Amino acid sequence: MKLEDVHLAHPAAPPTHSVGVPWPLVDGVEKVSGRARYTADLPAPGALVGRIGRSTVAHGVIRHIDTKRARGLPGVHAVITGGDFAAPYGVLPIAQNEWPLARDRVRYRGEPLFAVAAEDAQAAAAALAAVEVDIEPLPAYFDITSARAPDAVALHEKKPGNVERLVEQEFGDVDAGFAAADLVLEREFECAEVAHGQIELNATLAQWDPENEKLTVHSVSQVPYYLHLMLAQTLGLDSASIRVVKPFIGGGFGHRVEPLNFEMICGALARATGGTVKLELTREEGFLTHRGRPATHTRVKIGVKKSGEITAVDAEVAQRGGAYAGYGVVTILYSGALLHALYKVGALRFRGARVYTNLPPCGAMRGHGAVNVRFAFESVLDELAAALGVDPFALRRANLIAPPYRTLNDLQVNSYGLPQCLEAVERASGWHERRGKLPQSSGLRRGLGMACSHYVSGSAKPVHWSGEPHAVINLKLDFDGSITILTGAADIGQGSTTLLTQVVAEVLLLPMARIRVVAADSALTPKDNGSYSSRVSLMVGNAALNAAQALRRVLVEAAAKRMQVTPGAVEWLGESCAVAGSEQRMDFAQVVQAALVDTGTLTVKGTWSAPPETQGGTFRGAAVGSTAGFSYAAHVIEVEVDDATGVVRVVKAWVAHDCGRAINPLAVQGQVHGAVWMGVGQALSEETQYHEGLHLRPNLIDYRIPTIAESPPIDVTLVESLDPLGPFGAKEASEGGLHGVPPAIAAAIHDAIGLRMTELPITPDRLLEAIQQRRRDEKLAAARAARAARK
């Protein structure tokens with residue numbers, strides 16, 4: 001990845017020491033050299049092998065699980081079932097209906113039923129085979145229609161119609177808005193369920209101390225705090241008896257933003273054996289644990305004036321959520337909330353339904369809740385632009401926001417770099433010079449498409465509302481002059497450890513080599529809500545900024561006392577400080593020595609919480625979508641379509657991302673690249689498929705994630721709008737660049753061959769069928785015309 005491929009577009013910013021510098025990730029050498037220890041790499045002498053027994057039935061009543069024979073096998077130390085847990089779990093306090101091991105009923109094929117701990121893999125496998133399970137089958141539902149049928153069996157109590165959450169919202173006079181429109185267009189879209197595809201396999205290492213009745217868990221979680229809470233809840237333990245440690249993590253993309261069943265199962269096995277258990281899941285088990293983006297049906301109706309002004313929007317979304325709640329309530333609310341804040345809209349109506357089905361549970365995935373509905377919205381805008389005879393860029397520009405701006409649903413927009421994003425990709429792609437004029441060859445046709453997107457920089461209201469700050473950082477300064485950042489935030493590959501280091505180094509004007517980070521160990525670090533919804537850069541970054549400012553004040557005061565001047569007379573230079581207009585000077589070591597007098601090791605705290613005005617309105621569900629800062633992005637995609645095979649190749653992608661301020665341009669570029677790659681995968685190839693509840697693609701061969709061979713050149717422009725609430729103006733950089741990719745690809749396909757695709761992924765078979773259907777329709781129309789002419 002070369003920084004010269006990144007273009008920076010921003011207002012004049014003050015000179016910096018570390019912020020804005022493309023530093024390599026501080027943990028990069030450990031990762032590329034193989035020194036980084038992931039959960040499965042952790043040494044665990046004498047650890048027992050954990051394994052999970054799973055249901056082969058998609059829906060049924062558990063009559064009996066007989067573990068007696070398995071318990072008697074040599075080398076088997078424990079066999080546990082759902083009865084060994086004290087309570088169900090779930091990431092949302094209002095939706096906790098899943099047990100680590102199923103109790104009473106199973107609700108999807110592959111759901112954990114029992115688990116074993118044995119001395120080796122062979123003994124564990126034998127124990128799994130020895131457990132006898134008796135399940136009485138119930139009707140199973142694998143799609144939204146059958147699950148919502150009047151005679152369908154309810155998967156959960158108090159959820160009639162198998163609807164987890166219905167959402168009905170209306171802002172402004174929608175009917176009047178459509179009446180005032182010059183053109184109204186309504187379309188329906190289908191998006192397949194997709195999975196995260198993180199490289200690292202799931203694993204947990206749990207150690208039970210029987211003498212002190214304490215549990216230590218190392219796991220792959222993006223949310224160690226929420227895992228801590230659910231371990232206590234499901235195992236019936238006091239939170240003080242649990243320690244959660246996050247090792248290196250090999251990606252998450254949302255798969256690990258809620259506590260997962262295998263983590264609690266491993267903890268229960270460790271307690272049952274009185275020792276240490278390592279539980280490593282296979283790739284197939286990772287797909288069954290799932291929590292991916294749900295299959296979604298979207299209907300969108302948009303009215304516009306001849307000028308392109310959006311007068312009204314009516315959207316309806318139905319999500320196939322799988323067997324349990326998870327983040328489902330939030331997912332369906334995001335689908336409606338993030339119809340706002342990208343463009344001005346005159347009025348908006350949203351109806352959403354999250355539906356239970358007998359499939360692995362869906363959850364949060366990069367661009368949580370908004371990707372599928374954005375595909376539909378942007379696709380309709382593209383068609384409206386064509387019908388109006390205006391350029392797609394012009395239609396977007398007719399609806400731009402002028403910050404500060406309050407949306408119809410009470411979201412606050414303080415910075416808005418979308419105009420600069422549009423200008424950047426329009427210019428870089430040669431849109432006006434090349435669109436409609438691309439080289440065409442026999443059977444291969446090229447086209448250009450564009451779309452826009454946005455996303456939150458963390459939820460302004462936390463999942464677990466406790467009144468605590470949204471983010472906390474502790475800085476420790478000791479005799480050796482080193483500064484340790486203590487944070488509960490999980491670096492899952494996105495570079496948050498590096499970002500925090502740069503923020504602290506910037507404030508203190510110190511070299512980054514003087515700073516180390518200790519992250520996500522509940523025995524050492526302050527609580528953090530976790531790495532989800534792109535919250536770390538803005539929220540934890542602000543806490544680090546405040547902590548560094550507090551430490552700098554302590555150091556300046558210590559230096560001033562030693563030099564017998566007021567703090568205001570001290571000029572802080574980082575590795576030294578001086579009294580302005582005098583010869584007095586102290587180097588950093590001397591300042592540290594002075595600061596530790598009478599106190600010893602110093603620890604200072606920085607906190608940050610989202611201001612009340614950013615926390616949304618007061619209607620039900622208003623908290624979802626609220627944020628202290630929205631990122632914005634614009635895309636242009638060039639594709640080549642083979643109309644003989646239906647194969648689509650992305651030739652090049654241009655993306656401009658408003659990240660507020662690129663604290664590390666190199667890391668931000670990598671995040672934007674990843675967002676584009678993930679968008680290409682969802683647009684063209686990725687799709688989970690099931691047969692009667694059996695997963696048909698639970699591996700990385702059949703589940704088609706694009707490889708480097710399919711990756712196009714990606715031209716990145718970073719727009720720096722300097723958000724007033726972000727640390728040094730920064731906001732999110734990882735998710736907002738994804739949503740626009742699928743609709744831009746669909747628009748480019750239309751530009752190339754004149755077909756509008758409304759179903760994702762646009763696989764060769766789907767596109768070829770559409771091409772052939774058009775040919776059949778054209779032949780039929782020609783035949784009818786010929787008959788009419790003869791008459």
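Ile 80 belongs to strand S4, which spans residues 76-81, where helices (H or I, at least four residues) and strands (E, at least two) are DSSP runs numbered from the N terminus. This is a predicted model, in which local features need pLDDT of at least 70 and side-chain atom pairs count only at pLDDT 80 or more, while totals for chains, interfaces and linings use all residues. Residues are numbered from 1 along each chain as its sequence is written, and side-chain values use heavy atoms, with hydrogens and water left out.

With a relative accessibility of 2%, Ile 80 counts as buried; buried means under 20% relative accessible area, exposed over 50%, and partly exposed in between, with a 1.4 Å probe and protein chains only. Leaving aside residues up to four places away in sequence, Ile 80 touches Phe 85, Leu 101, Phe 114, Ala 115, Ile 265, Ala 268, Leu 269 and Ala 272, a contact being heavy atoms within 4.5 Å.

## Strand S6 and its partners

Strand S6 (residues 112-118) has seven of its seven residues buried, so S6 is largely enclosed by the rest of the structure. Two strands are said to pair if DSSP finds at least two bridges between them. Strand S2 (residues 48-54) pairs with S6 in the antiparallel sense over six bridges, and within this pairing Gly 53 has Phe 114 of S6 as its bridge partner. S4 also runs antiparallel to S6, joined by five bridges, and here the bridge partner of Val 76 is Ala 118 in S6.

## The six-stranded sheet

An open sheet with mixed pairing is formed by six strands in the order S8-S16-S15-S14-S9-S32. Strand S8 (163-171) and strand S32 (759-760) stand at the edges with a single partner strand each, so one side of each is left without a neighbour in the sheet. Strands of a sheet pair through backbone hydrogen bonds, either parallel or antiparallel. For S8 and strand S16 (residues 348-356) the sense is antiparallel, over eight bridges, and Gln 169 has Phe 350 in S16 as its bridge partner.

## Helix H9

In helix H9 (residues 328-337), 10 of the 10 residues are buried, so this helix is largely enclosed by the rest of the structure. The buried residues include Gly 328, Val 330, Ile 332, Leu 333 and Tyr 334. Among the elements that cover the buried residues of H9 are S8, strand S15 (310-322) and S16, together with helix H10 (371-388) and strand S19 (444-456).

## Backbone geometry in loops

Most residues other than glycine have a negative phi, and most peptide bonds are trans. A cis peptide bond, with omega of about -5°, joins Pro 403 and Pro 404, and Pro 404 is found in the loop between helix H11 (392-397) and strand S17 (405-406). Another cis peptide bond joins Leu 760 and Pro 761, with omega of about 0°; Pro 761 is placed in the loop between S32 and helix H19 (764-790).

Glu 213, although not a glycine, has a positive phi of about 50°, and this residue lies in the loop between strand S10 (203-209) and strand S11 (214-219). Glu 213 is exposed, with a relative accessible area of 55%. Ser 241, in the loop between helix H6 (224-235) and S12, counts as buried at 12% relative accessibility and touches Glu 213, Lys 214 and Leu 215, not counting residues up to four places away in sequence. Phe 253 is a residue other than glycine with a positive phi, near 60°, in the loop between strand S12 (242-245) and helix H7 (261-273), and at 32% relative accessibility Phe 253 counts as partly exposed.

## The protein as a whole

The protein has 19 helices and 32 strands. Its radius of gyration, 28 Å, is close to the 28 Å that the globule rule gives for 791 residues, so the protein is as compact as a globular protein of that length; the radius is taken over C-alpha atoms, and the rule is 2.2 Å times the number of residues to the power 0.38. The C-alpha atoms fill a box of roughly 105 × 80 × 50 Å along the principal axes.

Of the 791 residues, 61% count as buried. Among contacts with a separation of 6 or more, 80% are accounted for by residues 24 or more positions apart.
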